[in-house]
Every structure is written in structure tokens, then in C-alpha cells.
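Here's a quick briefing to read with the model open beside you.

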Amino acid sequence: MRRLYAHWQEFWYAQVPAARLELFRVAMLATLAYYLAARFAYAREWLTDIGFHPSVAADRGHAPGVPLLPESWLVPFAIVCFASVALAMFGRLRRPATAVALACVIYVTLADPISAFTLNRLYIFSLTLLLLAPAGANIPAWPIRVLQLSLLLHYAGSGVCKAAYGDWLAHDDVLWMQIQGLYMTDAAAWMVRTLPTWTFTVQQHTALGFELLAPLLLGVRRLRPLGFLLGVGMHLLVALTMYQLIYFSLQMIAFYAVFVDPVRAQRIVTFFGDSPPWARRREPPPRPAHS
């Protein structure tokens, strides 16, 4: 029991390089900036009373949970949003800027619940963790572990639902039918016209197998190259064939940053700056810890 407890403590609290967390920070906030840029193209519809918003009496679950903005406040609100995201990515005001960015995401999620899906909730989760995570070149492992486990649980849960409650094992044409639905893109239409049906069956079972085996493919270090190839490939295919799902695909790919080898992650973050903020404090090298 003592040995198990020691391994448990080391897994969660051993000092590890912060490079993977900082790589995740930049990747996740970059996807947030891209997502907000697309949403602000029609901000009047989802942040002011000009757009459709059900009343509390008609639909309590999807009615705005916060007061909507006057139209004259849209530009100042946009400036606050994008400035906080930029400062949260770089600079010395990252923690207060992350708090402001988190508040903005919470506000837009409550202002338009109809449009708030998993994407918004994952941003709230990610920004909250980045806000609470310790600073420094070396940090306790728990923020990275939480992010790693959240991605693995997301994949495993999705795979179990498809296999146990969906038709992904009962029928071979589920993916072929799904990409012809509401979210069909021009690329998906070309694929349906050009590729034989069996290729969609292969893609369907490959995606399902990846999700079910993600804890092994991403959790075991030697299997991660294959896990990266299958996972990133799956999300890029989703972004290519399903309209508007590019934002979710990029968001999920950002989670892969916490599985990158720490040495390689440090090289990546150093490449974008000779002296990044997280590398200015020199600390003793961390003790070896489980990946």
C-alpha cells in the first residue's frame, strides 16, 4: 500500500517541466481566438436582443441566463475578449488575462445557451484549469494529468456510447450516412460520389477502435505515435467532411499538447521565443515521473 501511495503521489504531484502545459495554453487559446473570430461575424444575433432568444416562460433551459448586451457594447466587448485571449497566451499578465477570458466565455455561453455546446464547456474547463495551475518552469504534475485524463475519458466515453448504445457495431454504413446529413461539406459530397462504400466502413471502425483504445494508444508512451496519427487524422477528417466542426476538431487536437514528449515540447515553446516567460526562472531539474 505504501508503494502504491508513493506512485500515486508521484503521478499527481511530482515536479515536471511546464512546457507541455504552456504548449497546451497557446494551442487552446489560439483555437479560442479562431472560434471567437468566426462567432463575432454575427455577434448581434447571439449577444443582443436582435437575434432569436426564447423567453424563460417558453424555454427555461435555453433562455439567456444573463442580460444581453446593447448593440453599442459589441465592439468594446470584442476588444476585451480578443485582448484577454492574446494576453493569456503571451506576456506577464497571463493569469489575470486568463480570468477575463474565462469570464467572457462564461458570459457568451450563458447569453446564448442554444448555441453553447461541448465546445464552450471545454473552453470553460480548460481556462479554469489554466487559471488554477501553478506557474514556473517546473510545476506539479496534476494540471497535465487532469488534461490527459480528460481527453482519454472523452474518447473512451464516446467509443462506449457508440458501441453500446449506437449503431456503430450493428451497421457498417453509419459513417456513410452521417456525413450526408445536415453538416455535409463539398469535400464530403465528393467523397460520397467518388469513394466506394467499403472505405467509409473502414473509416467507421477505425475511428471507433481508436476511441475505445485511446487510453492505451495515448497513455502508453511507445504507442503514442500511432495514437497521434489516428487521432489527429480522425479530427482532420471530421473538420473536412462536417460543416462547422473544424472548431471542435482543432480544440480536441490542442489537448494532444499534454501528451507531447517534454523535451520536444520545450523545444517547440522555445522556438517561438528565445526567452519565454515560463523559462526565465531557473529551477533544478525535475525528478523523473511517469508520462
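The largest nonpolar core takes in 66 residues, and Leu-47, Phe-77 and Tyr-155 have the most contacts inside it. A nonpolar core here is a set of buried Ala, Val, Leu, Ile, Met, Phe, Trp, Tyr and Cys residues joined through side-chain atoms within 4.5 Å. Helix 2 gives the most to this core, with 9 residues. Keep in mind that this is a predicted model, in which local features need pLDDT of at least 70 and side-chain atom pairs count only at pLDDT 80 or more, while totals for chains, interfaces and linings use all residues. Residues are numbered from 1 along each chain as its sequence is written, and side-chain values use heavy atoms, with hydrogens and water left out.

- Leu-47 touches Phe-40, Leu-68, Leu-69, Leu-74, Phe-77, Tyr-107, Val-108 and Ala-111, leaving aside residues up to four places away in sequence; contact means heavy atoms within 4.5 Å.
- A word on terms: buried means under 20% relative accessible area, exposed means over 50%, and partly exposed is in between (1.4 Å probe, protein chains only).
- Helices are DSSP runs (H or I, at least four residues), numbered from the N terminus.

**The largest pocket**

- The largest pocket has a volume of about 1,200 Å³. On a 1 Å grid over the protein atoms alone, a pocket is an open set of points with protein on both sides within 12 Å along at least five of seven lines, whereas a cavity is a set where a 1.4 Å probe fits but cannot get out.
- Grid points are joined across faces, edges and corners, and a volume is the space filled by probe spheres set on the points.
- The pocket is lined by 39 residues, with Val-238, Met-242, Gln-244, Leu-245 and Phe-248 nearest its centre; lining residues have an atom within 4 Å of a point.
- Helix 2 (19-39), helix 6 (118-132), helix 7 (142-165), helix 8 (174-178), helix 10 (197-219), helix 11 (224-241) and helix 12 (246-254) each give two or more residues to that lining.
- The largest share of the pocket lining, 7 residues, comes from helix 11.
- By class, the pocket lining splits into 25 nonpolar, 11 polar and 3 charged residues. Ala, Val, Leu, Ile, Met, Phe, Trp, Tyr, Cys and Pro count as nonpolar, Asp, Glu, Lys and Arg as charged, and the others, Gly among them, as polar.
- Gln-244 sits in the loop between helix 11 and helix 12. Its phi is near 70°, a positive value in a residue other than glycine, and Gln-244 is partly exposed at 36% relative accessible area.
- Phe-117, in the loop between helix 5 and helix 6, counts as exposed at 54% relative accessibility. Phe-117 and Phe-248 are 131 residues apart in sequence but 9.8 Å apart in space, C-alpha to C-alpha.

**The cavity**

- There is 1 cavity of 30 Å³ or more, and about 90 Å³ of space lies in the largest cavity.
- The largest cavity is lined by 13 residues, among which Tyr-35, Leu-36, Arg-39, Val-108 and Asn-120 lie nearest its centre.
- Helix 2 gives the most to the lining of this cavity, with 4 residues.
- That lining has 8 nonpolar, 3 polar and 2 charged residues.

**Salt bridges**

- The structure holds 5 salt bridges, each being a side-chain nitrogen of Lys or Arg within 4 Å of a carboxyl oxygen of Asp or Glu.
- Glu-22 pairs with Arg-94, their closest N and O atoms being 2.7 Å apart. Glu-22 lies in helix 2 and Arg-94 in helix 5 (residues 94-111), so the pair ties together parts 72 residues apart in sequence.
- Glu-22 counts as buried at 5% relative accessibility, and so does Arg-94 at 14%.
- Lys-162 and Glu-211 also form a salt bridge (3.0 Å, N to O). Lys-162 is in helix 7 and Glu-211 in helix 10, so this pair ties together parts 49 residues apart in sequence; both residues are buried.
- Salt bridges that share partners join Glu-22, Arg-25 and Arg-94 into one network.
- Arg-25, found in helix 2, counts as buried at 7% relative accessibility.
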